[in-house]
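Work through the exercises below with the sequence and the 3D structure in view. Try each task before reading its solution.

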Amino acid sequence: MFEKKGHGVIYSLCSVFLMLVACFYGVLCCDSFLIHMLSGGILGFTWMQVAYLGHDSGHYQIMTTRGFNKVAQILAGNCLTGISIAWWKWTHNAHHIACNSLDYDPDLQHLPMLAVSSKLFQSLTSRFYGRELTFDPVSRFFVSYQHLTFYPVMCVARVNLYLQTFLLLFSKRKVPDRVLNILGILVFWTWFPILVSFLPNWTERVLFVLASFCVTSIQHVQFCLNHFAANVYVGAPKGNDWFEKQTSGTIDISCSSWMDWFFGGLQFQLEHHLFPRLPRCQLRNVSPLVQELCKKHNLPYRSLSFFEANKWTIRTLRTAALQARDLSSPVPKNLLWEAVNTHG
């Protein structure tokens, strides 16, 4: 299974190429506002598929050698999406090792905007970032309404990924292949602004970017569905409970096989966490074996529809939001007033 990589990568590359051609044609050769917005949506959808390729190459799944995988990483991550593969590896490796640990997994550390557990109200120290995750009045305000703001925040979440990329690449931290990563980012910030500049006015330029971000937000939401509503814990994972931590910290998304391309294989989240270098075309094949093993050892195997997973996630966020409003200290009548005035 590890050796049979399938033809999914070739299909994905062809679809990415065709979508990029359609996007560029729509921007450069058409004067229609509707076509321009549609082109922005196509670009967002392209970024989704490219991100899956970047993810797979980051796990060294798609190419036959480590060197070729590294080339695919830089092209897919840095050049086409503007998100550094170095930053992704840094956070994603930690996520796999300490899945759903509130203080070790960076994928759950989203204060002041989001908190999946009231344990984050204790201002935990992030062992990943090496700083306190302060739950202050500003965090309390945003978290109190997070079940309402979740989807709007996901629509602009990409901005944070660009910011995190620059913060890492130009930090004093040791970054593998820093020069290659910076060159790749420069490629993205060359072609993307030039493409946007061909639109006739600033209104269409802003709406084009927003359209692309909103479509890509579907993927950002998906990443959250896989973990936000699952079990969380505080502390480092232990060597003898790694398998149990993966099963308790992940949620699969059930779908028909013809939709595997849309979710990029990550709908089999538990299977991917158990076998990170298994090609995505094999995840559906290994799923029955994982289910059988979980059943044998009385471990959770949660597979929800996309709609149901959204319900679980919003319910988790709403529960934490109500807990944030109901802390031991009196709840202010105007949380926004407190947040603003506390910070001068």
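**Exercise 1. Find the handedness of the crossing of α1 and α2, then describe their packing.**

Step 1. The crossing of α1 and α2 is left-handed. A crossing has this hand if the near helix is turned anticlockwise from the far one by less than a right angle; clockwise makes it right-handed. Helices here are DSSP runs (H or I, at least four residues), and strands are E runs of at least two, numbered from the N terminus.

Step 2. This is a predicted model: local features need pLDDT of at least 70, side-chain atom pairs count only at pLDDT 80 or more, and totals for chains, interfaces and linings use all residues. Residues are numbered from 1 along each chain as its sequence is written, and side-chain values use heavy atoms, with hydrogens and water left out.

Step 3. Take the angle and the distance. α1 and α2 pack at about 155°, with axes 9 Å apart. Axes are lines fitted to C-alpha atoms, for helices over the stretch in contact, and angles run from 0 to 180 degrees between N-to-C directions.

Step 4. Name the arrangement. α1 and α2 are therefore roughly antiparallel. The classes are: under 35 degrees roughly parallel, over 145 roughly antiparallel, 65 to 115 roughly perpendicular, the rest oblique.

Step 5. List the contact (heavy atoms within 4.5 Å). Among the residues of α1 are V9, S12, L13 and V16; among those of α2 are I35, H36, S39 and I42.

Step 6. Sort by class. The contact of α1 with α2 has 14 nonpolar, six polar and no charged residues. Ala, Val, Leu, Ile, Met, Phe, Trp, Tyr, Cys and Pro count as nonpolar, Asp, Glu, Lys and Arg as charged, and the others, Gly among them, as polar.

**Exercise 2. Describe how α2 packs on α3.**

Step 1. The axes of α2 and α3 (residues 66–81) lie 8 Å apart, at an angle of about 150°.

Step 2. α2 and α3 are therefore roughly antiparallel.

Step 3. The crossing is left-handed.

Step 4. The contact includes W47, V50 and L53 of α2, and N69, A72 and Q73 of α3. The residues in this contact divide into six nonpolar, six polar and no charged.

**Exercise 3. Name the arrangement of α5 and α14.**

Step 1. The axes of α5 (residues 137–144) and α14 (residues 306–325) come within 8 Å and cross at roughly 135°.

Step 2. α5 and α14 are therefore oblique to each other. Their crossing is left-handed.

Step 3. R140, V143 and S144 in α5 meet A320, A321, A324 and R325 in α14. By class, that contact has four nonpolar, one polar and two charged residues.
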